[in-house]
Amino acid sequence: MGKQDDTRERVLDLIESLAVGRAIPSERQLSQELGVSRLTLRAAIDELVRDGRLDRRHGSGTFVTEPKIAQPLTLTSFTDDMRRRGMTPSSRTLDLSLVSAGARLARRLQVSPEERIVRVQRLRLADGETMALEVLHVPETLVPGLAKGDLENRSFYDLLQERYEIVIASGTQTIEPTVTNEEESALLGVPLHTPAFLFERTTRSESGRTVEFVRSVYRGDRYQLVTELLPRRARSRARGETAALGGDGITMTADSFGNRNHRRKE
Ligand code: 16G
């Protein structure tokens with residue numbers, strides 16, 4: 001292990017021994033304690049700041065941040081995920097509008113291009129802190145009467161089940177690294193071009209009907225992805241390589257070529 005990696009590990013040990021929000025010692029003090037040069041220490045700290053483990057506030061010090069949320073790749077809802085962690089989920093509906101599907105959405109939702117689609121933009125929060133920005137698309141015929149207020153601080157999956165008797169049973173999800181654009185940065189309250197995860201999820205109901213297509217931008221400084229590693233199952237899907245990553249029988253399609261650059265085109 002190189003000097004910088006070693007220093008990083010030792011600063012991480014220190015971070016883990018301190019409470020969230022506490023300051024780490026000054027660079028001068030810490031470099032003495034660890035027996036490394038200020039340059040090496042600074043590089044290790046810079047890396048931890050970039051990784052979201054430390055927050056450097058000019059003039060006041062460097063502070064321990066909240067640990068990242070370990071997000072398993074399963075078919076759960078944001079609400080369930082946050083509750084299971086003992087956090088309080090909330091949601092702000094920023095916009096709800098009706099659009100006609102058009103070619104791309106129609107393909108994803110398996111409807112005709114003329115079909116009316118409900119498009120909902122939501123900001124997802126946990127314990128009052130922004131976590132993700134989601135744009136949900138669902139055919140209007142599946143959710144007649146869905147109004148903006150219905151989704152305020154409410155789980156979409158619960159609403160689907162309770163009001164529309166639709167149970168999400170399976171899905172496909174892609175994950176790509178991205179950075180936040182201006183709108184996303186403003187809404188999430190993070191600097192422009194903050195690293196983030198772009199998830200695109202299509203889900204189906206128990207009857208096999210495609211229910212939703214969701215684009216979610218999750219803060220990269222608050223999330224890490226966790227997968228159970230299972231032996232490879234020989235399977236082939238329509239196109240490309242398919243690897244079994246999910247622990248819950250969900251197959252994630254690694255379609256790294258087909259989806260490239262689609263984000264900015266939409
Ligand atoms: C998650 C899903 C999103 C789904 C939502 C439902 C990811 C990346 N995205 O955020 O596709 O629509 O949960 O959550 O996991 P809700 O039932 O709390 O509204």
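These legends accompany several close-up views of a predicted model.

**View 1. Confidence along the predicted chain.** The protein chain has an average pLDDT of 87, and 87% of the residues score at least 70. Where pLDDT is low, the predicted coordinates should not be read in detail.

View 2. Start with helix α3, which spans residues 38–50 and holds Ile45. Is Ile45 buried or exposed? Ile45 is buried, because 20 other C-beta atoms lie within 10 Å and the cut-off for a buried residue is 20 or more. Leaving aside neighbours within four places in sequence, Ile45 has contacts with Val11, Leu54 and Thr62. Look for Glu27 as well: Glu27 and Ile45 are 18 residues apart in sequence, with 9.1 Å from C-alpha to C-alpha.

**View 3. The largest nonpolar core.** This core has 16 residues, and Ile117, Val118, Leu136 and Val138 have the most contacts inside it. Two or more residues come from each of β5 (116–126), β6 (129–139), α6 (156–164) and β9 (210–219). In soluble globular proteins, nonpolar side chains tend to be buried together.

**View 4. A closer look at Val138.** Which residues does Val138 touch, not counting residues up to four places away in sequence? Here you can pick out Ile117 and Val118, along with Val143, Val211 and Glu212.

**View 5. A second, separate core.** This one has 13 residues, among them Phe78, Met131, Ala132 and Leu198.

Terms used
Residues numbered from 1 in each chain as written. Predicted model: local features only at pLDDT ≥ 70, side-chain atom pairs only at ≥ 80, totals over all residues. pLDDT = per-residue confidence, 0-100. Helix = DSSP H or I, 4+ residues; strand = E, 2+ residues; numbered from the N terminus. Buried ≥ 20, exposed ≤ 12 C-beta atoms within 10 Å, placed from the backbone. Contact = placed C-beta atoms within 7 Å. Core = buried A, V, L, I, M, F, W, Y, C linked by C-beta atoms within 7 Å.
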